Amino acid sequence: LSKLLEIDIPKRGCLLSPWLSEQCLSVIYADRGVGKTFLCLSVAYAVATGGECLGWKAPSAKRVLYIDGEMTAFEMSERLKLIVPDNKNEVEVPFVLLTPDAQDSGMPDLSCWHDQRRIQYLTDDADLIVVDNIATLCRSGSENSADSWKKIQSWALKLKSQGKSVLFCHHAGRDGKMRGTSFREGVMDSIIFLERPPG
(Lines give C-alpha, C1' and ligand atoms only; values in the text may rest on other atoms or scores of the structure.)
Protein backbone atom coordinates (compact mmCIF):
# COMPACT_ATOMS: atom_id res chain seq x y z
CA LEU A 1 0.00 0.00 0.00
CA SER A 2 2.71 2.47 0.94
CA LYS A 3 4.58 1.81 -2.31
CA LEU A 4 1.43 2.27 -4.36
CA LEU A 5 0.61 5.56 -2.63
CA GLU A 6 4.15 6.84 -3.23
CA ILE A 7 4.10 6.14 -6.97
CA ASP A 8 3.33 9.15 -9.14
CA ILE A 9 0.68 7.53 -11.36
CA PRO A 10 -0.36 9.79 -14.24
CA LYS A 11 -4.04 10.64 -14.46
CA ARG A 12 -5.96 9.02 -17.29
CA GLY A 13 -6.30 11.36 -20.22
CA CYS A 14 -9.48 11.86 -22.21
CA LEU A 15 -10.18 10.73 -25.77
CA LEU A 16 -13.53 12.50 -25.99
CA SER A 17 -14.59 14.60 -23.03
CA PRO A 18 -16.34 13.98 -20.74
CA TRP A 19 -17.20 10.26 -21.11
CA LEU A 20 -14.58 8.51 -23.29
CA SER A 21 -11.31 8.40 -21.40
CA GLU A 22 -8.06 6.60 -22.05
CA GLN A 23 -7.97 3.03 -20.75
CA CYS A 24 -11.74 2.61 -20.66
CA LEU A 25 -14.31 0.14 -21.91
CA SER A 26 -17.60 1.56 -23.18
CA VAL A 27 -20.69 0.44 -25.04
CA ILE A 28 -23.26 2.26 -27.16
CA TYR A 29 -26.44 0.29 -27.76
CA ALA A 30 -29.83 0.85 -29.37
CA ASP A 31 -32.55 -0.74 -31.48
CA ARG A 32 -31.90 -1.33 -35.15
CA GLY A 33 -31.94 1.79 -37.29
CA VAL A 34 -31.61 4.35 -34.49
CA GLY A 35 -28.05 5.36 -35.42
CA LYS A 36 -25.52 3.25 -33.47
CA THR A 37 -23.03 2.98 -36.32
CA PHE A 38 -23.43 6.61 -37.35
CA LEU A 39 -22.70 7.75 -33.78
CA CYS A 40 -19.78 5.34 -33.36
CA LEU A 41 -18.28 6.55 -36.66
CA SER A 42 -18.76 10.16 -35.55
CA VAL A 43 -17.04 9.44 -32.24
CA ALA A 44 -14.19 7.63 -34.01
CA TYR A 45 -13.69 10.49 -36.47
CA ALA A 46 -13.71 13.09 -33.69
CA VAL A 47 -11.08 11.12 -31.77
CA ALA A 48 -8.92 10.62 -34.88
CA THR A 49 -9.01 14.33 -35.76
CA GLY A 50 -8.97 15.92 -32.31
CA GLY A 51 -12.39 17.30 -33.20
CA GLU A 52 -15.80 17.12 -31.59
CA CYS A 53 -19.05 15.18 -31.77
CA LEU A 54 -22.35 16.29 -30.22
CA GLY A 55 -20.46 18.81 -28.09
CA TRP A 56 -18.03 16.17 -26.79
CA LYS A 57 -14.49 17.35 -27.48
CA ALA A 58 -11.27 15.47 -28.17
CA PRO A 59 -8.25 17.29 -26.71
CA SER A 60 -5.90 15.78 -29.32
CA ALA A 61 -5.91 13.36 -32.23
CA LYS A 62 -5.54 9.68 -31.32
CA ARG A 63 -5.12 6.55 -33.44
CA VAL A 64 -8.35 4.65 -34.22
CA LEU A 65 -9.11 1.12 -35.38
CA TYR A 66 -12.74 0.70 -36.48
CA ILE A 67 -13.83 -2.93 -36.91
CA ASP A 68 -17.21 -3.18 -38.63
CA GLY A 69 -18.81 -6.60 -38.82
CA GLU A 70 -21.78 -6.11 -41.11
CA MET A 71 -21.67 -3.09 -43.41
CA THR A 72 -19.98 -2.89 -46.82
CA ALA A 73 -17.10 -0.54 -47.59
CA PHE A 74 -19.48 1.46 -49.83
CA GLU A 75 -22.02 1.92 -46.99
CA MET A 76 -19.28 2.98 -44.56
CA SER A 77 -17.89 5.39 -47.14
CA GLU A 78 -21.31 6.97 -47.70
CA ARG A 79 -21.79 7.48 -43.96
CA LEU A 80 -18.30 8.93 -43.53
CA LYS A 81 -19.00 11.39 -46.35
CA LEU A 82 -21.84 12.76 -44.23
CA ILE A 83 -19.57 13.09 -41.19
CA VAL A 84 -16.29 14.37 -42.62
CA PRO A 85 -17.38 17.66 -44.27
CA ASP A 86 -18.87 18.91 -40.97
CA ASN A 87 -15.51 18.61 -39.21
CA LYS A 88 -12.79 21.12 -40.07
CA ASN A 89 -9.97 18.89 -38.85
CA GLU A 90 -8.11 16.44 -41.07
CA VAL A 91 -6.97 12.96 -40.06
CA GLU A 92 -3.24 13.13 -39.30
CA VAL A 93 -3.02 9.86 -37.34
CA PRO A 94 -3.91 6.31 -38.41
CA PHE A 95 -7.66 5.77 -38.80
CA VAL A 96 -7.97 2.15 -39.96
CA LEU A 97 -11.32 0.73 -41.03
CA LEU A 98 -12.07 -3.00 -41.46
CA THR A 99 -15.20 -4.03 -43.38
CA PRO A 100 -16.27 -7.58 -44.29
CA ASP A 101 -16.10 -7.16 -48.08
CA ALA A 102 -12.53 -5.83 -47.97
CA GLN A 103 -11.07 -8.85 -46.10
CA ASP A 104 -9.69 -11.88 -47.94
CA SER A 105 -9.71 -14.08 -44.84
CA GLY A 106 -13.08 -12.99 -43.42
CA MET A 107 -13.82 -10.89 -40.38
CA PRO A 108 -12.27 -11.86 -37.04
CA ASP A 109 -14.30 -13.60 -34.35
CA LEU A 110 -13.14 -11.66 -31.29
CA SER A 111 -14.34 -14.41 -28.97
CA CYS A 112 -11.54 -16.63 -30.39
CA TRP A 113 -7.99 -16.23 -29.12
CA HIS A 114 -6.62 -17.05 -32.60
CA ASP A 115 -8.51 -14.18 -34.24
CA GLN A 116 -7.59 -11.77 -31.43
CA ARG A 117 -3.95 -12.57 -32.24
CA ARG A 118 -4.62 -12.24 -35.98
CA ILE A 119 -5.50 -8.54 -35.62
CA GLN A 120 -3.01 -7.75 -32.86
CA TYR A 121 -0.78 -5.85 -35.29
CA LEU A 122 -3.72 -3.48 -35.81
CA THR A 123 -4.74 -3.15 -32.14
CA ASP A 124 -1.09 -2.51 -31.21
CA ASP A 125 -1.19 0.61 -33.39
CA ALA A 126 -4.46 2.04 -32.01
CA ASP A 127 -5.52 4.10 -29.00
CA LEU A 128 -9.24 3.48 -29.57
CA ILE A 129 -10.66 0.23 -30.92
CA VAL A 130 -14.32 0.35 -32.02
CA VAL A 131 -16.09 -3.03 -32.23
CA ASP A 132 -19.23 -2.60 -34.36
CA ASN A 133 -20.96 -4.80 -33.33
CA ILE A 134 -20.91 -7.52 -30.67
CA ALA A 135 -23.35 -9.81 -32.52
CA THR A 136 -21.31 -9.96 -35.74
CA LEU A 137 -17.78 -9.83 -34.33
CA CYS A 138 -18.12 -11.99 -31.19
CA ARG A 139 -19.70 -15.08 -32.70
CA SER A 140 -18.55 -18.09 -30.66
CA GLY A 141 -20.86 -19.31 -27.92
CA SER A 142 -24.22 -17.98 -26.83
CA GLU A 143 -24.96 -14.27 -26.56
CA ASN A 144 -26.78 -15.02 -23.29
CA SER A 145 -23.83 -16.89 -21.77
CA ALA A 146 -21.59 -15.10 -19.27
CA ASP A 147 -18.86 -17.65 -20.03
CA SER A 148 -18.90 -16.76 -23.73
CA TRP A 149 -18.52 -13.06 -22.89
CA LYS A 150 -15.54 -13.74 -20.60
CA LYS A 151 -13.32 -14.47 -23.63
CA ILE A 152 -14.11 -11.08 -25.15
CA GLN A 153 -13.88 -9.36 -21.78
CA SER A 154 -10.39 -10.80 -21.19
CA TRP A 155 -9.27 -9.46 -24.58
CA ALA A 156 -10.76 -6.02 -23.86
CA LEU A 157 -9.25 -5.85 -20.36
CA LYS A 158 -5.85 -6.77 -21.80
CA LEU A 159 -6.12 -3.89 -24.26
CA LYS A 160 -7.19 -1.60 -21.40
CA SER A 161 -4.12 -2.63 -19.39
CA GLN A 162 -2.02 -1.63 -22.43
CA GLY A 163 -3.45 1.90 -22.27
CA LYS A 164 -6.07 1.42 -24.98
CA SER A 165 -9.82 2.05 -24.98
CA VAL A 166 -12.47 -0.19 -26.52
CA LEU A 167 -15.89 1.06 -27.63
CA PHE A 168 -18.43 -1.70 -28.30
CA CYS A 169 -21.55 -1.21 -30.39
CA HIS A 170 -24.46 -3.48 -29.49
CA HIS A 171 -28.15 -4.11 -30.11
CA ALA A 172 -30.95 -3.53 -27.63
CA GLY A 173 -33.38 -6.35 -26.88
CA ARG A 174 -37.16 -6.13 -27.00
CA ASP A 175 -37.16 -4.93 -23.37
CA GLY A 176 -34.91 -1.95 -24.20
CA LYS A 177 -31.95 -3.40 -22.32
CA MET A 178 -28.73 -4.63 -23.87
CA ARG A 179 -29.29 -7.91 -25.67
CA GLY A 180 -27.73 -10.98 -24.10
CA THR A 181 -25.96 -11.50 -20.79
CA SER A 182 -25.97 -8.67 -18.26
CA PHE A 183 -22.49 -9.85 -17.19
CA ARG A 184 -20.88 -7.54 -19.78
CA GLU A 185 -22.26 -4.42 -18.10
CA GLY A 186 -20.15 -4.81 -14.95
CA VAL A 187 -16.86 -4.13 -16.71
CA MET A 188 -17.99 -1.07 -18.69
CA ASP A 189 -16.86 2.41 -17.68
CA SER A 190 -19.58 4.06 -19.79
CA ILE A 191 -22.88 2.77 -21.17
CA ILE A 192 -24.86 4.91 -23.62
CA PHE A 193 -28.38 3.97 -24.75
CA LEU A 194 -29.77 5.65 -27.86
CA GLU A 195 -33.49 5.97 -28.42
CA ARG A 196 -35.53 7.51 -31.19
CA PRO A 197 -36.91 10.92 -30.13
CA PRO A 198 -40.71 11.35 -30.10
CA GLY A 199 -42.04 12.19 -33.55
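**Pockets, cores and backbone features of the predicted model**

In this predicted model, the second largest pocket holds about 150 Å³ of space. Its lining is made up of 14 residues, and those nearest the centre of the pocket are Ile134, Cys138, Ser142, Glu143 and Arg184. At least two lining residues of the second largest pocket come from each of α6 (134-137) and α7. The greatest contribution to the lining of the second largest pocket is that of α7, with three residues. Sorted by class, this lining of the second largest pocket comprises six polar, five nonpolar and three charged residues.

Two or more residues of its lining are supplied by each of α4 (113-118), α5 (120-123) and α7 (146-161). The residues lining the largest pocket are Trp113, Gln116, Arg117, Gln120, Thr123, Asp124, Ser154, Trp155, Lys158, Leu159 and Gln162. In the largest pocket, too, α7 provides the largest share of the lining, here four residues. Five residues of the lining of the largest pocket are polar, three are nonpolar and three are charged.

The nonpolar interior was examined next. In soluble globular proteins, nonpolar side chains tend to be buried together. The largest nonpolar core of the model contains 31 residues, and Leu16, Trp19, Leu20 and Val43 have the most contacts inside it. Elements giving two or more residues to this core are the helices α2 and α3 (73-83) and the strands β1 (14-16), β3 (25-30), β6 (64-68), β8 (128-132) and β9 (165-171). The element that gives the most to this core is α2, with nine residues. Another core, of 27 residues, lies apart from the largest one; Tyr29, Ile67, Leu137 and Trp149 are among its members.

Leucine 20 is one of the residues with the most contacts inside the largest core. When residues up to four places away in sequence are not counted, leucine 20 touches Cys14, Leu15, Ser26, Val43, Val47 and Leu128. Val43, touched by leucine 20, is also listed with the residues that have the most contacts inside the largest core.

Threonine 49 is located in helix α2, which spans residues 36-49. Threonine 49 has a relative accessible area of 8% and is therefore buried, the limit being under 20%. A polar contact is made by this residue within the chain: the side chain of threonine 49 reaches the backbone oxygen of tyrosine 45 at a distance of 2.7 Å.

Isoleucine 191 belongs to strand β10, residues 190-193. The relative accessibility of isoleucine 191 is 40%, so this residue counts as partly exposed. Although isoleucine 191 and valine 27 are 164 residues apart along the chain, 5.0 Å separates their C-alpha atoms. With residues up to four places away in sequence left out, isoleucine 191 touches Val27, Tyr29, Met178 and Glu185.

Most peptide bonds are trans, and most residues other than glycine have a negative phi. Serine 17 and proline 18 are joined by a cis peptide bond, with omega about 10°. Proline 18 is in the loop that connects β1 and β2 (20-21). A cis peptide bond also runs from aspartate 132 to asparagine 133, and its omega is near 20°. Asparagine 133 is placed in the loop between β8 and α6.

Positive phi values occur at glutamine 23 and at leucine 54. For glutamine 23, which is not a glycine, phi is about 55°. This glutamine 23 sits in the loop between β2 and β3, and its relative accessibility of 30% makes it partly exposed. Leucine 54, likewise a residue other than glycine, has a phi near 55°. Leucine 54 is part of the loop that lies between β4 (52-53) and β5 (56-57). Its relative accessibility is 66%, so leucine 54 counts as exposed.

Methods. Residues are numbered from 1 along each chain as its sequence is written. This is a predicted model: local features need pLDDT of at least 70, side-chain atom pairs count only at pLDDT 80 or more; totals for chains, interfaces and linings use all residues. Side-chain values use heavy atoms; hydrogens and water are left out. On a 1 Å grid over the protein atoms alone, a cavity is a set of points where a 1.4 Å probe fits but cannot get out, and a pocket is an open set with protein on both sides within 12 Å along at least five of seven lines; lining residues have an atom within 4 Å of a point. Ala, Val, Leu, Ile, Met, Phe, Trp, Tyr, Cys and Pro count as nonpolar, Asp, Glu, Lys and Arg as charged, and the others, Gly among them, as polar. Grid points are joined across faces, edges and corners, and a volume is the space filled by probe spheres set on the points. Buried means under 20% relative accessible area, exposed over 50%, partly exposed in between (1.4 Å probe, protein chains only). A polar contact is a pair of N or O atoms within 3.5 Å; within protein, one must be able to donate a hydrogen and the other to accept it, and residues adjacent in sequence count only if both atoms are side-chain atoms. A nonpolar core is a set of buried Ala, Val, Leu, Ile, Met, Phe, Trp, Tyr and Cys residues joined through side-chain atoms within 4.5 Å. Contact means heavy atoms within 4.5 Å.
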